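Q: I have a structure open and want to learn how to read it. Can you take me through it feature by feature?

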Amino acid sequence: QGCLMSDEDGCVPVPAFQVPVADTTGAGDTFAGGMLAALRQGLELRDAARFACAVAGLSVQQPGAVAGLRSFPETLAWIEQQQDLRSTT
């Protein structure tokens, strides 16, 4: 379902990406790794949470914990593609 992000401005739900699920193994770990990677790259907390949801969403589409993972720039591009798909439907 995504995550609930909380900071000094309050709580904000960050929805999961709607993707076909093949295997949920490692989804939480990839979410945590995605969050840390995004923060390390300088993303704001809300954007980092969205990035982490994307990493987990990519992860669950392939069997195993890491087969669906992409590089940081590829993940950002995938997020943009998902937003483009939402705006055309």
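A: Start with accessibility. At 36% relative accessibility, G33 counts as partly exposed, because that value falls between the cut-offs of 20% for buried and 50% for exposed. G33 is found in helix α1. Keep in mind that this is a predicted model.

Q: How far apart are the C-alpha atoms of G33 and L85?

A: They are separated by 26 Å. Along the chain, the two residues are 52 apart.

Q: Is Q82 buried or exposed?

A: Apply the cut-off again. Q82 has a relative accessible area of 17%, so Q82 is buried. Its place is in helix α3.

Q: What about G10 in terms of accessible area?

A: G10 is partly exposed, because its relative accessible area is 24%. This residue belongs to strand β2, which covers residues 10-15. G10 and A77 are 67 residues apart along the chain, and their C-alpha atoms are separated by 28 Å.

Q: How many residues of α2 are buried?

A: The count is 12 of its 15 residues, so the helix is mostly covered, given that buried means under 20% relative accessible area. The buried residues are A48, A49, R50, F51, A52, C53, A54, V55, A56, G57, L58 and S59.

Q: Which residues does A48 touch?

A: Look past the sequence neighbours. Not counting residues up to four places away, A48 touches M35, A38, L39 and L43. A48 lies in helix α2 and counts as buried, at 0% relative accessibility. Q81 is another matter: A48 and Q81 are 33 residues apart in sequence and 17 Å apart in space, C-alpha to C-alpha.

Q: And what is S59 in contact with?

A: Leaving aside neighbours within four places in sequence, S59 is in contact with D23, T25, G26, T30, G64, A65 and L69. S59 also lies in helix α2. Its relative accessibility is 0%, so S59 counts as buried.

Q: Now the core. How many residues does the largest nonpolar core have?

A: The largest nonpolar core has 18 residues. Those with the most contacts inside it are F17, W78 and I79. Three helices each supply at least two residues of this core: α1 (27-40), α2 (45-59) and α3 (72-88). The most comes from α2, with 8 residues.

Q: Which residues does I79 touch?

A: Setting aside residues up to four places away in sequence, I79 touches F17, R50, F51 and A54.

Q: Where does R50 lie relative to the ring of F17?

A: Check the face of the ring and the distance to its centre. R50 lies over the face of F17, at 3.8 Å from the ring centre.

Q: How many aromatic pairs does a search of the whole structure find?

A: The search finds 2 aromatic pairs.

Q: Last, the cysteines. How many disulfides are found?

A: The general idea first. A disulfide is a covalent bond between the sulfur atoms of two cysteines. A search of the whole structure finds 0 disulfides.

Methods
Residues numbered from 1 in each chain as written. Predicted model: local features only at pLDDT ≥ 70, side-chain atom pairs only at ≥ 80, totals over all residues. Heavy atoms only, no water. Phe/Tyr/Trp six-rings, centres within 6.5 Å; stacked < 30°, edge-to-face > 60°. Lys NZ or Arg CZ within 6 Å of the ring centre and 35° of its normal. Core = buried A, V, L, I, M, F, W, Y, C linked by side-chain atoms within 4.5 Å. Buried < 20%, exposed > 50% of the residue type's maximum accessible area, 1.4 Å probe, protein only. Helix = DSSP H or I, 4+ residues; strand = E, 2+ residues; numbered from the N terminus. Contact = heavy atoms within 4.5 Å. Disulfide = S-S within 2.5 Å.
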